[in-house]
Amino acid sequence: MIIDRYTKALMTVFALALLLNGLNPWINPSQAVAKENTTTDGTKNASNCTSQDRKNSIKTLEGVNNLERLLGYVESSVNDIQLTIKGIDRKMSEHPSSNETEKR
């Protein structure tokens, strides 16, 4: 059958292509090139921070401050709820109907 021969040939070509694709990093490795982008002409400040970097760090600092405020609010709310629950528990223990059931 002719279709079977073509199928085998096509599958062999695909298998070889996949094998060569997998071996490509070992056959022809890409060059690892590192470029240093420092300038010594004095146009930038000593920390090499651009104005965008400073803006991003200020936004990050503001975000941290907002998060700390939010956590303080949540902690305060939780403390208020705990005090309310303690007050309700104290009132329930002082309630006359609960004292009568405990005496029986």
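User: In what order do the elements of the protein chain run from the N terminus on?
Analyst: This is a predicted model, in which local features need pLDDT of at least 70, side-chain atom pairs count only at pLDDT 80 or more, and totals for chains, interfaces and linings use all residues. Residues are numbered from 1 along each chain as its sequence is written, and side-chain values use heavy atoms, with hydrogens and water left out. Helices (H or I, at least four residues) and strands (E, at least two) are DSSP runs, numbered from the N terminus. The protein chain has three helices and zero strands, and the order of its elements is α-α-α.

User: In which helix is confidence highest?
Analyst: Confidence is given as pLDDT, the predictor's score for each residue from 0 to 100. The protein chain averages 78, and 74% of the residues score at least 70. The lowest mean, 57, belongs to helix H3 (residues 96-103), while the highest, 89, belongs to helix H1 (residues 2-27).

User: Is Leu20 buried or exposed?
Analyst: Leu20 lies in helix H1. Buried means under 20% relative accessible area, exposed over 50%, and partly exposed in between (1.4 Å probe, protein chains only). Because its relative accessibility is 52%, Leu20 counts as exposed.

User: What percentage of the residues of the protein chain count as buried?
Analyst: The buried class is the one under 20% relative accessible area. Of the 104 residues in the protein chain, the share that counts as buried is 2%.
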